[in-house]
Amino acid sequence: MDILDLWRGRLSLRRVGVLIKSLLRKPGRSLLLQALDEKAEWDESTYLLARSSDALELTNHLLLKANFDPAQTKDLPLPLKIPRPGEVEPAPEVEMASPQEVMSLFQAMNSL
């Protein structure tokens with residue numbers, strides 16, 4: 001299909017629209033879909049594999065927490081998910097000040 005036929009009068013805008021819609025509906029790894037949506041970089045089986053891997057990691061984590069001494073597994077972090085294309089990475093957790101630290105800050109400011 002020659003896109004220049006649109007300017008030559010041999011191809012209508014409606015036909016171009018139908019062709020673009022058909023490209024968007026095609027299964028698989030279309031370059032057009034990847035350009036429009038980053039999530040299309042992976043196919044369905046890759047997403048299922050990543051989800052299975054995440055579930056297995058979480059199962060192992062819970063198995064360790066359930067079967068070992070709580071004192072040893074207290075600081076065991078949750079496993080990280082496999083990053084998927086198009087997903088925003090979660091913001092890092094911010095450590096909050098304790099109420100005593102806030103009170104001491106305000107008391108120090110009052111004494112100025």
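The structure is a predicted model, in which local features need pLDDT of at least 70 and side-chain atom pairs count only at pLDDT 80 or more, whereas totals for chains, interfaces and linings use all residues. Residues are numbered from 1 along each chain as its sequence is written, and side-chain values use heavy atoms, with hydrogens and water left out.

The protein chain contains 6 helices and 0 strands, these elements being DSSP runs numbered from the N terminus (helices: H or I, at least four residues; strands: E, at least two). Along its principal axes, the C-alpha trace spans about 80 × 50 × 15 Å, and 11% of the 112 residues count as buried.

L32 is placed in helix 3 and, together with I20, L23, L24 and L36, makes a nonpolar surface patch of about 400 Å². Helix 2 (13-25) and helix 3 (31-36) are the elements that give two or more residues to this patch, and helix 2 gives the most, with 3 residues. Patches comprise residues with over 30% relative accessible area and no salt bridge, nonpolar side chains (Val, Leu, Ile, Met, Phe, Trp, Tyr) being joined within 5 Å and like charges within 9 Å; a salt bridge is a side-chain nitrogen of Lys or Arg within 4 Å of a carboxyl oxygen of Asp or Glu.

L64, in helix 4 (residues 44-67), is likewise partly exposed, at 35% relative accessibility. Neighbours within four places in sequence aside, L64 is in contact (heavy atoms within 4.5 Å) with T73 and L76; the C-alpha atoms of L64 and L76, which are 12 residues apart along the chain, are separated by 9.0 Å.

R84, in contrast, counts as buried at 11% relative accessibility, although it lies in the loop between helix 5 (70-73) and helix 6 (99-110). With neighbours within four places in sequence again excluded, R84 is in contact with W42, Y47, A50, R51 and D54. A polar atom of the R84 side chain lies 3.5 Å from the backbone oxygen of A50.

Note on methods. Areas by Shrake-Rupley, 256 points an atom, 1.4 Å probe, with all protein chains shown as cover. Buried < 20%, exposed > 50% of the residue type's maximum accessible area, 1.4 Å probe, protein only. Polar contact = N/O pair within 3.5 Å; in protein donor to acceptor, adjacent residues only side chain to side chain.
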